[in-house]
Amino acid sequence: MACSCKGKVVLPSSQLVLPEFLFKFQLPNKSTDAMFKPGPEKPPNRYDIQNPNLVYDIFLSSGSGTAESIIAYTSCLHASLQKAGFSVFLDYGHSIFSSPLQAMQRARVSVVALSTGYAGSPRDLELLELMLECRRNSGQFILPVFLGVTPRDMRKAFADFTKSVSEKDKVECWKVALERICQIQSYQWVYLNNYKWSDNDMHIKNVVGYVGGLLDTRKLFVAEFEVEVGYRMQDATKLLVHSKSKEVLLLGIWGMVGIGKTTIAKAIYNENCGKFEGRSFLANIREVWEQNTSHVYLQERILLDILNLPKIRIDNIEIGKKMLKKRLSNKKVLLVLDDVNKKEQLNALCGSSEWFGPGSIIIITTRDRSLLQDHRVDHVYRMKEMNENKSLELFNRYAFKKASNTQYLDELSKNVVAYAGGLPLALEVLGSNLLGSLESIPDGLIDSPHPVLQKVLKKCVEDLNDTEKAIFLDIACFLIGMDQEEVIQALNAFGDLAKDGIKALEDRCFIRFDDMNKLRMHVLLRDMGREVICEQKGGDPA
């Protein structure tokens, strides 16, 4: 299979005398590979990628005097990057004192295809020095791709080359530059061993996807204050680590309203989107589904996001299902379906793992555990309430724009934090609205819960059927703290529907049973339920 690259003459594989390649990806082993230990360098600044003065997305170099196989690989990588929509400057070993230098300085990312020839070329070693200077000064990303060599091979070739070089100062500078390149922890290693164009294409897809992640300007806003977000994100992604890369994996993120499901899903998306050929984040599916009579909009959104299409039209849901499977079954994608509340939504947007290519990850956030169980997701991550210390920090950041306060204010804050019950949404709403009147908050707050929280929580109750709603209100007023069997007996008026109703409430995070089998309900849900009863009866719920 020959690679078609516009504007470049690339020999087909049958005309190249090539050894076989085995592609392997791993991080450098500093304990065994580090020959020298250069001083620490300033880490690149991710936001420099957005600099409007940068002309090229990518500066791509294969060095001077490289073998035909390396030139062929670089040409194919160049064509693939252009096809993906990136502006690329291709350096084939021209003088660095003209356009290549200027192009590198005005590029967002430098991709350098390294071989033993690179370590034996003064011109190319100078280029590595200049690359690292751009990295230090402007935060440019560097992606080394080691073709048929390991960093150890590069060091050996460099040592052999410099035996005949008399300029010792220059040799030392080159040595440090080469070592720094070898220690960059985002590189891809490619070992020579049985070269196949099909493997080569797969590797190029991975490189294009990785670079695409670095250049992605569609990262999502996560939260104003990301307290405990990193820890929770890592905790959830542990469930993905042990999965096989060839499988399509479905991860459910489950928890009550306001617990932070969407926040964690956004954080996982931002952290991992660069590892996939395509990605899409569908937010607020519950709301969009209710507002749009044409549900194909969400199917169209997935295809537009992942395939980078300007527009697409789907006539109906069933056609959309076929299109999703046909267009995405060979792509490794990251798809997030946020706030799902109906089976029909999952059936329309990710009906089967066969719709997506190997290595794809589908993340579903929902308040309803039964949807995840029915859809047979691989893992369910349950969102738990924040502990007191983290809750206090988040509240203080919203209320006072700092993590801690005076002991006096902290004691008052703790009363509000206890009422919020570790719910991030409640901490945000209360902290943002109660600044300046903290001393009078606790009693008034309990007597009259915040209207924004009440509105959100009441919306959850509207999703319940009449029986489930009646059971919820009974529990909120009378049954909290009872044993499970006692609860069922107390609800005997509902007959056989009592057990089903209790399970439905538990699946939707309205209630839970603790380790002692006692029924528990979040204080905000409890108070909201009791207020509903007061509104109905015009008095005390008792």
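## Model and conventions

This is a predicted model, in which local features need pLDDT of at least 70, side-chain atom pairs count only at pLDDT 80 or more, and totals for chains, interfaces and linings use all residues. Residues are numbered from 1 along each chain as its sequence is written, and side-chain values use heavy atoms, without hydrogens and water.

## Overall make-up

The protein chain has 23 helices and 13 strands. Both are DSSP runs numbered from the N terminus: helices are H or I with at least four residues, strands are E with at least two. Of its 542 residues, 50% count as buried (under 20% relative accessible area, 1.4 Å probe, protein chains only).

The chain exposes about 26600 Å², by the Shrake-Rupley method with a 1.4 Å probe. Carbon and sulfur atoms supply 49% of that area. Take the contacts (heavy atoms within 4.5 Å) between residues at least 6 apart in sequence: 77% of them join residues at least 24 apart.

Strand β2 spans residues 56-61. Of its 6 residues, 5 are buried, so β2 is largely enclosed by the rest of the structure. Two strands pair if DSSP finds at least two bridges between them.

β2 runs parallel to β4 (residues 107-114), joined by 5 bridges. Here Leu-60 stands opposite Val-111. β2 also runs parallel to β3 (residues 88-91), with 4 bridges. Phe-59 has Phe-89 of β3 as its bridge partner.

## The five-stranded sheet

An open sheet of 5 strands has the order β8-β9-β10-β7-β11, with parallel pairing. β8 (278-282) and β11 (379-382) stand at the edges with a single partner strand each, so one side of each has no neighbour in the sheet. The twist averages 15 degrees from one strand to the next.

Within the sheet, 6 bridges join β7 (residues 249-254) to β10 (residues 361-366). Trp-254 stands opposite Thr-366 in β10. Helix α9 (residues 261-272) lies across β7, β8, β9 (333-340) and β10. α9 runs at about 165 degrees to β8.

## Helices α17 and α19

The axes of α17 (residues 424-433) and α19 (residues 451-462) come within 9 Å and cross at roughly 155 degrees. Axes are lines fitted to C-alpha atoms, for helices over the stretch in contact, and angles run from 0 to 180 degrees between N-to-C directions. The two helices are therefore roughly antiparallel (over 145 degrees).

α17 contributes Leu-425, Ala-426, Val-429 and Leu-430 to the contact, and α19 contributes Val-452, Leu-453 and Val-456. By class, this contact has 7 nonpolar, no polar and no charged residues. Nonpolar covers Ala, Val, Leu, Ile, Met, Phe, Trp, Tyr, Cys and Pro; charged covers Asp, Glu, Lys and Arg; the others, Gly among them, are polar.

How values were computed:
Parallel < 35°, antiparallel > 145°, perpendicular 65-115°, else oblique.
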